[in-house]
Amino acid sequence: MPTHPLLAALTFRAKTHAHTRTPTCPCGAATLADRPDATVVRHADTVAKAHAPDTDPVALAPRLITAARLPHLLLPPLAPTPAALDARLVTFWPYGAPVDPEDPDAAPWENAGNLLARLHRTPAPTPLPPMRGPAKAADAVARLREAGPHPAVGPVLRAWGHLPAWARAEAPMPDTTTLCHGDLHLGQLVRHPAPDGSWRLIDVDDLGVGVPAWDLARPAAWYACGLLPSEEWNRFLTAYRDAGGPAVPADGDPWPALDVPARALTVQTAARALTKALDRGRDLDEVEQALADACARMGSVPAQLAPSQAK
């Protein structure tokens, strides 16, 4: 049930939009996400998303255009421009079935690698801003600095300080042309509602041009920290390479290309985990501690995140 005015209003908008698409709508509503940075609701086959309050409409517009022009890679929006709702930008999308978090063996790692490679090989169909990966990492670190003392904060901030300026969003990225998703993880894949049920990438808020290795960095970091089995990492990496992905060499050691982005994503994820733990006054769980430990190791590892040390 709606619990605040934005959620109630967004739920009504989703219902209205769904009924314009399908007059015989089999009504059914659900809240898919309700966070400070995004509220997402579903009504039948229509999804409405209220973007973060600080979303730049000038930056969002070309991202929506890109999704509309690349429907074989990105889930296309139902409307070409966002609507306004209580000072928030709202976009409408077809509902696609997400990855089942309760069935990790069925995780579509090959599909993710293939989609990502094809995205990276595709010229941006319209001028885009930089992808927001480094900026999101910098925001996570800034929030950690404000969260309070904890033994793991120091190692996380030191690991952040060892990264090059571009990875901390303090300088332009060395690649300013490659089309990137900006926040790739399995939650960003859905099955297209079309009859073939093929996978598409969703969430264009961070879409832009930049260093393509950033899009591989989250699974790379989880593998390096011992949180993603080597078989699943190899399935993802092999599919990416087989599809001609440009972020890493076609064969040989991928880590020289992945090292900096994987470190940055490890710091970002650890910073978010620490901030949440401090806000709630609780200890780190096993996964969160593994991320913090990886940050502590970074100061003594000269070349890469050293996945072998986490095994």
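Helix H9 (residues 286-298) has 13 residues and should span 18 Å at 1.5 Å a residue, which agrees with the 19 Å between its end C-alpha atoms; the expected span is 1.5 Å times one less than the number of residues. Helices (H or I, at least four residues) and strands (E, at least two) are DSSP runs numbered from the N terminus. The model is predicted, so local features need pLDDT of at least 70 and side-chain atom pairs pLDDT 80 or more, whereas totals for chains, interfaces and linings use all residues. Residues are numbered from 1 along each chain as its sequence is written, and side-chain values use heavy atoms, with hydrogens and water left out.

**Helix H9**
- The buried residues of H9 are Glu288, Ala290, Leu291, Ala292, Ala294, Cys295 and Met298, where buried means under 20% relative accessible area, exposed over 50% and partly exposed in between (1.4 Å probe, protein chains only).
- Helix H5 (153-161) and H8 are among the elements that cover these buried residues.
- At the start of H9, the backbone nitrogen of valine 287 lies within 3.1 Å of a side-chain oxygen of aspartate 285.

**Histidine 192**
- Histidine 192 lies in the loop between strand S8 (189-191) and strand S9 (199-201).
- With a relative accessible area of 17%, histidine 192 is buried.
- Leaving aside residues up to four places away in sequence, histidine 192 touches Leu75, Pro76, Gly197, Ser198 and Arg200, a contact being heavy atoms within 4.5 Å.

**Largest cavity**
- On a 1 Å grid over the protein atoms alone, a cavity is a set of points where a 1.4 Å probe fits but cannot get out, and a pocket is an open set with protein on both sides within 12 Å along at least five of seven lines; lining residues have an atom within 4 Å of a point.
- One cavity of 30 Å³ or more is counted, and the largest cavity has a volume of about 50 Å³, that is, the space filled by probe spheres set on points joined across faces, edges and corners.
- Its lining includes Gly133, Lys136, Asp183 and Trp214, and helix H4 (133-147) and helix H8 (255-280) each supply at least two lining residues.
- By class, this lining has three nonpolar, three polar and three charged residues; Ala, Val, Leu, Ile, Met, Phe, Trp, Tyr, Cys and Pro count as nonpolar, Asp, Glu, Lys and Arg as charged, and the others, Gly among them, as polar.

**Second largest pocket**
- The second largest pocket has a volume of about 260 Å³, and its lining includes Trp109, His185, Trp222 and Glu232.
- Helix H6 (residues 217-224) gives the most to this lining, with three residues.
- Eight nonpolar, two polar and two charged residues make up the lining of this pocket.

Methods: Polar contact = N/O pair within 3.5 Å; in protein donor to acceptor, adjacent residues only side chain to side chain.
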